[in-house]
Amino acid sequence: MSEILDRARSQVLNDGVGLDEAQILEVLRLPDDALPELLQLAHDVRMKWCGPEVEVEGIVSLKTGGCPEDCHFCSQSGLFASPVRSVWLDIPSLVEAAKQTAATGATEFCIVAAVRGPDQRLMTQMREGVKAIKAEVDIQVAASLGMLTQEQVDDLVDMGVHRYNHNLETCQSHFPHVVTTHTWEERWGTLKMVRDSGMEVCCGGILGLGETLEQRAEFAAQLAELDPHEVPMNFLNPRPGTPLGDQPVVEGKDALRAIAAFRLAMPRTILRFAGGREITLGDLGTRDGLLGGINAVIVGNYLTTLGRPATSDLELLQDLKMPVKALSATI
Amino acid sequence: MFCDRCGNQAAEGDHTACAAARELEPPRFCPECRRRMKVQVVPTGWTASCVEHGTRTA
């Protein structure tokens, strides 16, 4: 048994205190033969501090493509030769997407826009869309609209948006290699405003952006410092035409080690399987992740790519005897 | 006809990787004219529209 796992068992499982950056790095460096024990410990931590429920969410792109930012992983940047074209979703289609999501048993529906930050047209579309969803669909509405002003934060609270997603994407030291049109600190500023507003903070990122293991540990520690309500974990799905289009995908075992390490860094957070898991982990790895620290999933399709059918994930949860978190439990 | 993922001639080159990728991606190019399509992904499907050749859905 490794020393770091002994310490994690005492510190995280027993006392609920997350690992620090140096300890996270030790976990990320564990050999493959320690992986089963690591995943079991992360699962035990999740069960003790979060419980068996799994939060299910659907996402949809309200405004796709044509983004002025240069996030090197993103096919929606207007600065790269990506085949993704700009398109807006109309309100009836948005409501229909929310209905489809609710029909899976999901309690969360996140509306996403590919923008630096919302303009007046987007905020108007959001206000109309959230109102229409709330009138017809029993589901919590979250949003991800880029960097916000204080006035926009207040508007989203007024609309009834209960959670705001704004990913830091990667650690502070690696961010300038991934995005040059805005800074990590600007993103942190929006997150602070969201936190202060009373909205729940959803903040995670993408693994496999060329970061080192040290930077992966740095990222987990920075997220733990932020202490978000939810951390979505994406794994790079290299997109044609983007600067990271030829980046190798994260190895499955490294992805599972990272999931467990993030869980041990943040024992109480909602740790969500997000984009790229189908490619990095496949069906078997999805199961391993749910038994290794994950306690939330995005079901169905993503913003510009497709996911597993929602029924596949729901059947897996049933098989694992993990109940889907009920709407009443999230309000 | 054109590959609906990469936009190149479907009959030229190897599109095995494109076909594999399309399992988890909607089409991006119109297979009839290779125009980039307007694609909207929703939780349970997608719609892809070519200005000349109409809309495909799944």
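A: Begin with burial: a residue is buried if 20 or more other C-beta atoms lie within 10 Å of its own, exposed if 12 or fewer, and partly exposed in between. Keep in mind throughout that this is a predicted model.

Q: Is Cys74(A) buried or exposed?
A: Cys74(A) has 25 other C-beta atoms within 10 Å, so it is buried. Its place is in the loop between β1 and β2 of chain A.

Q: Which residues does UniProt list for "binding site"?
A: The unreviewed UniProt entry lists Cys67(A), Cys71(A) and Cys74(A) under that heading. Cys71(A) is in the loop between β1 (55-64) and β2 (87-88) of chain A. Cys71(A) counts as buried because it has 25 C-beta neighbours inside 10 Å.

Q: What is Cys71(A) in contact with, leaving aside its neighbours within four places in sequence?
A: A contact here requires C-beta atoms within 7 Å. On that basis Cys71(A) touches Ser77(A), Glu169(A), Val178(A) and Val179(A).

Q: Where is Glu169(A) placed?
A: Glu169(A) is in the loop between β5 (163-165) and α7 (184-197) of chain A. Its phi is near 75°, a positive value in a residue other than glycine. With 22 C-beta neighbours inside 10 Å, Glu169(A) is therefore buried.

Q: What is the phi of Asp227(A)?
A: Asp227(A) is not a glycine, yet has a positive phi of about 55°. The residue lies in the loop between α8 (213-226) and β8 (230-235) of chain A. Asp227(A) counts as partly exposed, because 14 C-beta neighbours fall inside 10 Å.

Q: How do strands of a sheet pair?
A: They pair through backbone hydrogen bonds, either parallel or antiparallel. In chain B, 3 strands form an open sheet in the order β1-β2-β3, with antiparallel pairing. β1 (38-42) and β3 (54-57) of chain B are the edge strands, each pairing on one side only. Neighbouring strands of this sheet are turned by 15° against each other on average, direction ignored.

Q: How many bridges join β2 and β3 of chain B?
A: Strand β2 (residues 45-50) of chain B pairs with β3(B) over 4 bridges, in the antiparallel sense. Ala48(B) has Arg56(B) in β3(B) as its bridge partner.

Q: Which annotation covers residues 37-57 of chain B?
A: The unreviewed UniProt entry gives "domain: Biotin synthase auxiliary protein C-terminal" for that range. Over residues 37-57 of chain B, the chain is 71% strand and 0% helix, and the end C-alpha atoms are 12 Å apart.

Technical notes:
Residues numbered from 1 in each chain as written. Chains lettered and ligands numbered in written order. Predicted model: local features only at pLDDT ≥ 70, side-chain atom pairs only at ≥ 80, totals over all residues. UniProt positions renumbered as here; feature names shortened; annotations may be inferred. Helix = DSSP H or I, 4+ residues; strand = E, 2+ residues; numbered from the N terminus. Pairing = 2+ DSSP bridges. Axes fitted to C-alpha atoms, helices over the stretch in contact; angles between N-to-C directions. Contact = placed C-beta atoms within 7 Å.
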